Protein chains: 2
Amino acid sequence: MGSFRNRFLRVNLSNSKFSEESLSEATVHDYIGGRGFGVKLLYDDLKPHTDPYDEKNELVFLSGPLAGTNAQSFSRLQVFFKSPLTGTYFKSAAGGFWAPELKFAGFDGVIITGKAEKPVYLWIHDGKYELRDASYLWGLDCDDTHTLIREELHDNDIRVACIGPAGENRVKYAGIFTDRRAAGRGGAGAVMGDKNLKAIACRGTSKVEAADREAFTAAVKEQITAYRNNPQFASFSKTGTQIAEFTNVLGMYPTKNFREGVLPKWQEIEGASYTKLRVRKSGCHACMVHCGNIVRMYTGRYAGTWTDGPEYETTWAFTGPMRKADIGLTIAADKLCDDLGLDTISAGSTIGFAYELFEKGIITKKDTGGITLKYGDSTPVMDLLKQIAYRQGFGDLLAEGSVEAARRIGQGTEKYAIAVKGLELPAYDPRGAKAHGLNFLTSNIGADHNTGYAGQEVFGSPFPFAVDRFAVARKGELTKWNQDLTALFETGILCSFIPSMGLLSEETFGKLLAASTGIKDFADVAYLWKVGEKIFNLERMFNVREGFTNKDDVISERLTTETMPSGPSKGQVFEADELVKDYYKVRGWSSKGIPTPAKLKELSLEFTIK
Amino acid sequence: MGSFRNRFLRVNLSNSKFSEESLSEATVHDYIGGRGFGVKLLYDDLKPHTDPYDEKNELVFLSGPLAGTNAQSFSRLQVFFKSPLTGTYFKSAAGGFWAPELKFAGFDGVIITGKAEKPVYLWIHDGKYELRDASYLWGLDCDDTHTLIREELHDNDIRVACIGPAGENRVKYAGIFTDRRAAGRGGAGAVMGDKNLKAIACRGTSKVEAADREAFTAAVKEQITAYRNNPQFASFSKTGTQIAEFTNVLGMYPTKNFREGVLPKWQEIEGASYTKLRVRKSGCHACMVHCGNIVRMYTGRYAGTWTDGPEYETTWAFTGPMRKADIGLTIAADKLCDDLGLDTISAGSTIGFAYELFEKGIITKKDTGGITLKYGDSTPVMDLLKQIAYRQGFGDLLAEGSVEAARRIGQGTEKYAIAVKGLELPAYDPRGAKAHGLNFLTSNIGADHNTGYAGQEVFGSPFPFAVDRFAVARKGELTKWNQDLTALFETGILCSFIPSMGLLSEETFGKLLAASTGIKDFADVAYLWKVGEKIFNLERMFNVREGFTNKDDVISERLTTETMPSGPSKGQVFEADELVKDYYKVRGWSSKGIPTPAKLKELSLEFTIK
């Protein structure tokens, strides 16, 4: 079957039982791979209303069908689970080298169920697997966990996906980390910690071969040529995801908990500022973009600190919410989150929520354990991150995420929790970028930018059509297009930055898939689009089954009622209702936000109809 | 030439010039390798009175002739230089994997001279070499330096020998670290830092072949059988160097800056206590002993801290001087020293010197920057280590070592600096172990236990003859024997623990050397002893040339005039004068401690006679 072996390892941690599984030929055909398989597995395996911390919740680790080949930018690990932060279906992805290594070790994916009695880690190597004692790793940070597993198994090339103290302590936005890359969002790490699973380590020596080698080589060449011919490639290779210049110039850089859209002195944290601190580029398996940057500080409070990153979102998470452009703090906090195992977006955003409450006097030093939270001073962030990861003092509350924290605090603080379905917003103020906001509202995992990134509103991309970022018109259509395209590409777990830059066409992607797997239908672009839409709708149906409706496609009233007070997006509000209604229509969903039976039949999702 | 290729790389950092060198056949024959080559190179290359921080001071990194083969326990790197701490010739060794890797890369040794203008590191790989920019590594700890060099060069199996912040800041007892093993003593790291050399990284794929394979294989089998048949092997494999039980029971565990010989509650830091915290054994290339222990704390102030170690000496350095048996602190401080690049013995001992001064009111919180040093409380150690490595505040003074610190403080504090030739004493009170003390007095690098370890006084070994540890008689003879035997084995840079346990005979060692190098004389045990003695005398002549005499073979009057107040060594003093006189006689040295011309001629060291 070429680069996809259809070999999945299922591990029940409750009784240490292993089984090897294959998907049916029909499932493979109908869902292609990656996110397609992820949602199908989760939909089929989980009973409705399974508690995220029930032993029946699953944690599905998937590589894509192209991982481990020399096709570009398909190195990603994608993890699927029911989220303790959002209560929804969830997917979270990380680049690096883990997913290709899983393939080299002989597997396409690993499905974890149950809970171990004591901390364990899973060791997969060249077709073999075992659970090993992880008591000695429990409590250690992600970096040390990598080091000690490699030492225990005497192989420095082992790839490790693990949790840090945040995951162990079930911080609701704890992630899974591999070589300082994170499947950060939604609490995958908390579920893993709840299962007493510290890590999955992989090593393998088998080759991943394409079904049709000649056609595959031609398709890879086509992909590489397309990258080279696209001016975005060089620019993205150079500065990576650091786009604070764009978002500040457009007045959509969320500042002071989404009360302003421009960060003072943002030039100090834009791409060029990081480039000055760059030690070297870093990258993922089989990706010529090398968008990563290892940077370090040479001066100031954080001198000597280095990190692999931060990405744009992390930069924002530790500047915008605190209204302070301190590049050193972004580097130190990024490293700390990598060590502790925390999602930077939710961590920074939840801390920013606390900043606002402190300003308003709703919380005081009595609540924070003596820490003063004051706009313009981001230095408390380091201590707060540690408190969150270890659930100490004030950190124990923040570890719940902003929405749950607001619920517990009460006093009308819910409106200061800027999130959708419990997932904190990333670094785009919806008032300055309406399709971004609409995607946040309707993404099946809450406010995630990578589920349907509207590059059109930030970089002026004219595909599929040019847009006015403030306009409401056609944003439903655009958002559906962005979301389905993402789902389509995520059948191969393509890095989400690639479609944002228009580096890969669906045609070339289809050729890669078909040549590598030997399944001809995958070369049909219309088919790919259909599968993309199908995936998105099946995710939605997972959430519908959990009780989610249009009532959950909502956002803080701050964004829908308060106009942006200043800057290039001044005067704008986010027209949530209007946008969502238009979107449902385009999607073929009811006014309650539920896919109609007709739509479900069209997508061969009849089995979801109760 | 078999396992010794006679290929040395000389690098002048002042002008970035490289040259490859070979030793003459006569030198190879007369000095065998390792420490023999080290002292010969240093004696020949350095003009008398070269300042340790002069660009002409050399830093010689050597592997032994057996490194990289499967002969056991020869993995060590040995570094040679004129020491900024002692002003003497110096040698310092570290186990691990660096030296074998240097061999795999094609070289037997690296000779560093000059000073680089900006931070650099040396990269040696499969016969090639280059200097690379290390600006981005400057200021980073040893662990991160390993990580980032491996990342830069895209190879996780690269071996790195580097300095931490302590070496950069020329702390006089900064070491060179490789995979958490340290060539710790004497300030090799300070010299490396002074040369702006952050690291030497190695990687190679060549095989190290024996000249006579069959004979070599037989000799290795003989060695392995001898290990297996020796009961010390199993015991040492189990608990490693942790011998606090022995030294406390014997009342020679230096406590309160050598004012007591038994640590209260020493059971909390003996071998069995570490075994309880053990994560796993660790070891060096081609050594079946695996004496290392990776341990971690699960509870208390240092919960979550782990380290590879500590060794017995480190355990002592962070307990005895502070009179506090806190195992967590030993683990945390060991890790911190590995990160910062500090010699644990001199660090702990110098801090202990400060404890006594604080008790006596000679220094106060005004001097220490507010830190209270009080026996029974070792918690200030962590902060002090950081201050030392960065030469901040009070740490700047302690970074000079106890002898120089005492000189600067004055007020008669010299007697509280327990050192020989500036090198702080390790964990044996000379009053309870006279041959240990005599070795400290006469070792060519100051008070180093590994230069002539008197296992006879601790473990009751009857070779070459049984001794009374309190007796003066025959301690000159014993010390010469221990010292020459160590020098003999260090021609192969055998791990110093092996002769301490009597695991390897000179006969088997000779067979290994002869079969691997193809030089038959090396199989002659009498010849090996002669070379051992020769090395020791040439080192002495290096120091004599620097102006050292019997006046420098002295120790603090505390040990020679104050009797041990309590414990199993109660009532003992250290009879330094008597012991040294006897020793000189046995050595064939003058009463001034200078080898006689006759002795030098006997050892073919006429060239040292002025």
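The notes below cover a strand, a lysine and some aromatic rings.

**Entry 1: strand β4 of chain A.** I kept in mind that this is a predicted model. I began with β4(A), residues 77–82, and asked how many of its residues are buried. I found 6 of the 6 buried, so the strand is largely enclosed by the rest of the structure. Next I checked the two faces. In a regular strand the side chains alternate between the two faces of the sheet. On one side I listed Leu77(A), Val79(A) and Phe81(A); on the other, Gln78(A), Phe80(A) and Lys82(A). Both faces are covered, and all of these residues are buried.

**Entry 2: the neighbours of β4(A).** Which strands pair with β4(A)? I found β3(A), residues 59–62, antiparallel over 3 bridges. I also found β5(A), residues 89–94, antiparallel over 6 bridges. I then followed Phe80(A) across. Val60(A) stands opposite Phe80(A), and Lys91(A) in β5(A) is a bridge partner of Phe80(A). β4(A) and β5(A) make a hairpin with 6 residues between them. In its turn I noted Gly87(A), with a positive phi of about 75 degrees.

**Entry 3: Lys599(B).** I moved to chain B and located Lys599(B) in helix α26, residues 597–602. Is Lys599(B) buried or exposed? Its relative accessible area is 9%. The cut-off for buried is under 20%, so Lys599(B) counts as buried. What does its side chain meet? I found a polar contact with the side chain of Glu533(B), at 2.6 Å. Leaving out residues up to four places away in sequence, Lys599(B) touches Glu533(B), Asn537(B), Arg587(B) and Gly588(B).

**Entry 4: aromatic pairs.** I counted 54 aromatic pairs over all chains. I looked up Tyr583(A) and Trp589(A): centres 5.6 Å apart, planes at 90 degrees, so the pair is edge-to-face. Both Tyr583(A) and Trp589(A) are buried. Phe4(B) and Phe37(B) form a tilted pair, 5.5 Å centre to centre, with 45 degrees between the planes. Phe4(B) lies in the segment before β1 (8–12) of chain B and Phe37(B) in helix α2 (residues 35–45), so the pair ties together parts that are 33 residues apart in sequence. Phe4(B) and Phe37(B) are buried too.

**Entry 5: a cluster and two charges.** I noted one aromatic cluster formed by Phe246(A), Tyr253(A), Tyr312(A), Tyr428(A), Tyr453(A) and Phe459(A). Then I turned to charges over rings. The charged end of Lys534(A) sits over the ring of Tyr31(A), 4.6 Å from its centre. In chain B, the charged end of Arg7(B) sits over the ring of Phe107(B), 4.2 Å from its centre.

Key: Residues numbered from 1 in each chain as written. Chains lettered and ligands numbered in written order. Predicted model: local features only at pLDDT ≥ 70, side-chain atom pairs only at ≥ 80, totals over all residues. Heavy atoms only, no water. Buried < 20%, exposed > 50% of the residue type's maximum accessible area, 1.4 Å probe, protein only. Helix = DSSP H or I, 4+ residues; strand = E, 2+ residues; numbered from the N terminus. Pairing = 2+ DSSP bridges. Polar contact = N/O pair within 3.5 Å; in protein donor to acceptor, adjacent residues only side chain to side chain. Contact = heavy atoms within 4.5 Å. Phe/Tyr/Trp six-rings, centres within 6.5 Å; stacked < 30°, edge-to-face > 60°. Lys NZ or Arg CZ within 6 Å of the ring centre and 35° of its normal.
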